Amino acid sequence: MHVTPIGGPAGAVTARVPAKVNLQLSVGPRGPDGYHELVTVFHAVSLFDEVTVRAADRTSVTVTGEGGQAVPLGPANLAVRAAAALARAIGRRGRSAAGVRIEIRKRIPVAAGLAGGSADAAAALVACNELWRAGLSLQELRDIGAQIGSDVPFALIGGTAVGQGRGERLTRALASGSYHWVLAFGASGLATPDVYAACDRLRAMRSAASGGAGDGEPGPPELNTELMAALRSGDPAAVGPLLTNDLQAAALSLQPVLRQALAAGREHGALGAMVSGSGPTCAFLAAGAAQARELAVAITGAGVCRAVVQVNGPATGACLVDGRRRQ
Ligand code: ATP
């Protein structure tokens, strides 16, 4: 299929995409391919990146906003990879047919455990699908997204969803209610592979300490059915104590100062406090908007985080801004 662009070089399409936190992140043993099998509960929150695309003779990318200087500007950029994968899938070949100028405006911090890079890939898929009038379905975009990164399919659907495999096999969760969160950003990022490596080291040490009795060895990851019931009830007080993250100990071993942020949140009424994904962002669940404001002030006061923001979940997945093309 080849699709002719409409709108010319001045036509621009913008998509906005949310960050995610993991309400459960269960990490199985490291497989022979080096990857860990996961069971996770993704939850999209109202912290958004925006990606604008325009037809161009050749592909380029600019990144502004939060942590933009740390984002690669070449073919390694996940939005660039997503646009190229979509172009291939719909048969747009050649530099100018597949060329696209990509502008990324970041609010999601980089290497923060919030899947900002995957979010940008998802936004690029949605925006280019519109720019090129490709008409791919959400399922088709999800399939392309899964080739770019295991968090991309979730950034496309948003809401609350269970992820399996590497996180790319998704089932929407029956969740109700809305949740008030405080996110505290770390002073510096954490590379996801480093956090998994630290997790493996901690497990090996525990296993050795138990005399090889297998105490450090995890079994296959399983979905927490209590958490799913709490999400169905829509009660944040039930959800808070059930938040779990198998990577938290590893993230804390690499950035011990995060313990102080988690403690400050718990002391000041957070219903749940955890490291988000591979960290270092810490996520705190509050009983309501007023409690979230108080929590944000208290965590800021602890002085161990670079910035603190209030967000809500669940947020919708990647979508066009204004639902239409902008000139
Ligand atoms: P994960 O999805 O593994 O949890 P993360 O949320 O911790 O990742 P990201 O912000 O997605 O971290 O960035 C991970 C790495 O991806 C960065 O260090 C950066 O080099 C690379 N990257 C590529 N493209 C992008 C992008 N558009 N935005 C942010 N990072 C990108």
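The structure is a predicted model. Its ligand takes up the space of the largest pocket. The shell around the ligand counts 21 residues. Helix 2 gives the most to that shell.

**Ligand shell**

- Ala111, Gly113, Ala115, Gly117 and Thr192 come nearest to the ligand, out of 21 residues around it.
- By class, eleven residues of the shell are nonpolar, seven are polar and three are charged.

**Polar contacts and burial**

- At Gly113, a polar backbone atom is 2.9 Å from an oxygen atom of the ligand.
- At Leu114, a polar backbone atom is 3.1 Å from an oxygen atom of the ligand.
- Asn77 uses its side chain: a polar atom there lies 3.4 Å from a nitrogen atom of the ligand.
- Each of these pairs falls within the 3.5 Å cut-off for a polar contact.
- Taken alone, the ligand exposes 610 Å². The protein buries 79% of that area.

**Pocket and contributing elements**

- Two elements give two or more residues to the shell: strand 4 (100-106) and helix 2 (116-131).
- Helix 2 supplies four shell residues, the most of any element.

**The strand 4 to helix 2 loop**

- Ala115 sits in the loop between strand 4 and helix 2.
- Ala115 is also among the residues that come nearest to the ligand.
- Its phi is near 60°, a positive value in a residue other than glycine.
- Most residues other than glycine have a negative phi.

**Aromatic pair**

- The structure holds one aromatic pair.
- The partners are Phe42 and Phe154, with ring centres 4.7 Å apart and planes at 15°, so the pair is stacked. The cut-off for stacking is planes under 30 degrees apart.
- Phe42 belongs to strand 2 (residues 36-55) and Phe154 to helix 4 (residues 152-157). The pair therefore ties together parts that are 112 residues apart in sequence.

**Cis peptide bonds**

- Most peptide bonds are trans.
- From Gly279 to Pro280 the peptide bond is cis, with omega near 5°.
- Pro280 is found in the loop between strand 9 (272-275) and strand 10 (282-286).
- From Gly313 to Pro314 the peptide bond is cis, with omega near 0°.
- Pro314 lies in the loop between strand 11 (307-313) and strand 12 (319-320).

Technical notes
Residues numbered from 1 in each chain as written. Predicted model: local features only at pLDDT ≥ 70, side-chain atom pairs only at ≥ 80, totals over all residues. Heavy atoms only, no water. Near = heavy atom within 4 Å. Polar contact = N/O pair within 3.5 Å; in protein donor to acceptor, adjacent residues only side chain to side chain. Areas by Shrake-Rupley, 256 points an atom, 1.4 Å probe, with all protein chains shown as cover. 1 Å grid on protein atoms, 1.4 Å probe; cavity = no way out; pocket = protein on both sides within 12 Å on 5 of 7 lines; lining within 4 Å. Sits in = over half its atoms within 2 Å of the grid points. Nonpolar A, V, L, I, M, F, W, Y, C, P; charged D, E, K, R; others polar. Phe/Tyr/Trp six-rings, centres within 6.5 Å; stacked < 30°, edge-to-face > 60°.
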